[in-house]
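Please look over the chain and its fold below.

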Amino acid sequence: MLKKSITLQLVGFILLLISIGACRKIDQESFIPKQPDISFTQLGATVVNEGDTIEVAIESNLPWRLKTDANWISFLTTNGQGSETVKVVVQKNRTTSQREANIIAYVTEDYFAEFSLVQSAGDPPPDYTRDFYVKEDGLETNTGLAWNLATTLDVALDNAASGDIIHVAAGTYKPGVTITGGSNADDADKTFEIIRNVTLIGGYPAQATVGAVANPKLNETILSGQVSSGKVYHVVSVTAPLEVDEIVTIDGFTIKDGSAKSSSSSITINGIGVNRGYAGGMVVAGSKVEVKNTQISNNQTGTHCAGVFLTGNSYVTFRNSIISDNIGLSATSNGGGIWNDGSTLYMYDSEVTGNRTGGVGGGIYSLNNGRTSFNYLFNVTIADNAVGSTGNTSRTGAGIYAREKSKFVIVNTTIYRNNNNGTSFGAGITLYGLCTVDLINSTVSKNEGGTGSTSSLGGAGIYNNPSHANSLNIYNSIVSGNEGSSIDVGGNNNPISSAIGSEVFDYNGNLVIGKTFDATTSFRAFANYGGFGKTIPLVDDINVASQSGMSNLQLQVLAANLTLESDLLTVDQNNKSRASKTAMGASLSQ
């Protein structure tokens, strides 16, 4: 009886499984996917030229996404599950033309809906220069046209036209506006974007009144990327288009606390790509800029270029400015202080110091495979920069790394105590890939590269990679006392009236027999001797380097041959005249 019962139960269980399977088969066969059905409730809209946020209704029976080809439009959300109303952020139209854009909501490439957005033309700018005034406690509702009507920096940047001047009082300012084409949902996309060729002057007293005078040394004016949710990708973004007789001027600021960390994400502004992973401090994209009396420091990157990134064939000049203590966090981070990507860089009376990166080019990194990156340095101190800071011992170019198609003209410059942190050569300067470096009236000493290497091909101070057709010309300069490798300059070079290691070369490039240079006894301490940055002057006028250099006339001829202003060559880094002197190096004896 028990056996029969078990048998019946087993048969029943099998029949139940068959029944369930049949039901499932019927359910699966009866399932038909939904046909996508998506549309906007309106075909389009027209908005005014001021910035605005509008609501757009979408009807859909399936999940969808949004996109647009216009960088002046962004979305608070880019996807949804069904019929919803989305918010569309429209930036102010600063052009004098009406503009149009399409917004596309799509389920698949074949199932989509289009919405046409038209924005009215912007107001023409006034035909006179306006002055805007900004205070830390300025009000968004104020016009900013007087100190007692001070506004915010975001508002002033939004309202200023090319040629206008923005005066900024001491304090700490944090960006609240999203970069063009950025995501309004990502606070890190906020930046101080300079979209017109305006002048920004910082350093006024915090409670400035009529007649106040800017003094950034007394009245520090900070542009900080430290917002409430974290750090922004770029503290300052300069995207002003090139205009005849117009330039962006940034005078008297401290730019700090940026963190470029989004390695594979970029936006396009004026046809130029701006990578969120480059330039925690400042990015310049296709603009002409002059930066004066400004410090760009304590910025970082998880990818490349912690400090300043120049791209899009920009023209950038630094005067009396400091690029310091910017950090690349990755073992492959290149360009700690400045990366020149196919642009033109001028530096006068400035410093690039204390920048650190895990990759190459601790101070200045120059690279663009498509066009020449031009770098002109006059009276600059490049010191205490480091590469390989994350432990990689094969990094190079702690001071300067010149790569493909780079051109450097380096005059009255001290390159001192930069460190490769490993066995690679060229801690002061490294040349790699069809580069030209003209080193004039400069001193390269105490840089550490090639430590532990037994190769006789590399140089601790300067390394001209022999695998590439580079040109290294050394005029009236001293490259000596560098550490790590047994020699100071590695690779082909053309020394004219210069000291290389202990050897002295004459005006014709011939080795002078019987003359030797001793770096251990020939320099004073690294300190400030009247110029903008620190230098290491020669100890006296009877030193061999003081007596074997180029004359004033020879320097004038050299300036003419290199198409340089002779006034820049006939003084030293501390602006001391070289007349009646025949001294090598950046700094004459004190």
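What follows is a briefing on a predicted model, grouped by topic. The largest nonpolar core has 66 residues. The count of aromatic pairs comes to 16.

**Nonpolar cores**
- In the largest nonpolar core, of 66 residues, those with the most contacts inside are Leu153, Ile166, Val236, Met282, Phe318 and Met347.
- Methionine 347 touches Phe318, Ile323, Ile338, Val352, Ile364, Tyr376, Leu377, Phe378 and Val380, leaving aside residues up to four places away in sequence.
- A second core is separate and has 21 residues, among them Val56, Ala70, Val86 and Phe115.
- As a general background, nonpolar side chains tend to be buried together in soluble globular proteins.

**Aromatic pairs**
- The structure holds 16 aromatic pairs.
- Tryptophan 339 and tyrosine 365 form an edge-to-face pair, because their ring centres are 4.8 Å apart and their planes stand at 75°.
- This pair links distant parts of the chain: tryptophan 339 is in strand β32 (residues 338-340) and tyrosine 365 is in strand β35 (residues 364-366), 26 residues apart.
- Tryptophan 339 and tyrosine 365 are both buried.
- Phenylalanine 517 and phenylalanine 523 also pair edge-to-face, with ring centres 5.8 Å apart and planes at 65°.
- Phenylalanine 517 is buried, as is phenylalanine 523.
- Ring pairs join Tyr278, Phe309, Trp339, Tyr365, Tyr401 and Tyr432 into a cluster.

**Charges over rings**
- Lysine 67 lies over the face of tyrosine 106, and the distance to the ring centre is 5.0 Å.
- Arginine 319 places its charged end over the ring of tyrosine 348, 4.4 Å from the centre.

**Cysteines**
- Cysteine 305 counts as buried, because its relative accessibility is 0%.
- Cysteine 435 has 1% relative accessibility, so it counts as buried.

**Asparagine 93**
- Asparagine 93 is placed in the loop between β7 (84-90) and β8 (99-106).
- Is asparagine 93 buried or exposed? It counts as buried, because its relative accessibility is 2%.
- Its side chain reaches the backbone oxygen of serine 97 at 3.0 Å.
- Asparagine 93 touches Asn49, Arg99, Gln119, Ser120, Ala121 and Gly122, residues up to four places away in sequence not being counted.

**Serine 228**
- Serine 228 is in the loop between β16 (226-227) and β17 (230-231).
- Serine 228 counts as exposed, because its relative accessibility is 80%.
- From serine 228 to threonine 451 there are 223 residues in sequence and 44 Å in space, C-alpha to C-alpha.

Methods:
Residues are numbered from 1 along each chain as its sequence is written. This is a predicted model: local features need pLDDT of at least 70, side-chain atom pairs count only at pLDDT 80 or more; totals for chains, interfaces and linings use all residues. Side-chain values use heavy atoms; hydrogens and water are left out. Buried means under 20% relative accessible area, exposed over 50%, partly exposed in between (1.4 Å probe, protein chains only). Helices (H or I, at least four residues) and strands (E, at least two) are DSSP runs, numbered from the N terminus. A polar contact is a pair of N or O atoms within 3.5 Å; within protein, one must be able to donate a hydrogen and the other to accept it, and residues adjacent in sequence count only if both atoms are side-chain atoms. Contact means heavy atoms within 4.5 Å. Rings of Phe, Tyr and Trp (its six-membered ring) pair if their centres lie within 6.5 Å; planes under 30 degrees apart count as stacked, over 60 as edge-to-face and the rest as tilted. A charge sits over a ring if NZ of Lys or CZ of Arg is within 6 Å of the ring centre and within 35 degrees of the ring normal. A nonpolar core is a set of buried Ala, Val, Leu, Ile, Met, Phe, Trp, Tyr and Cys residues joined through side-chain atoms within 4.5 Å.
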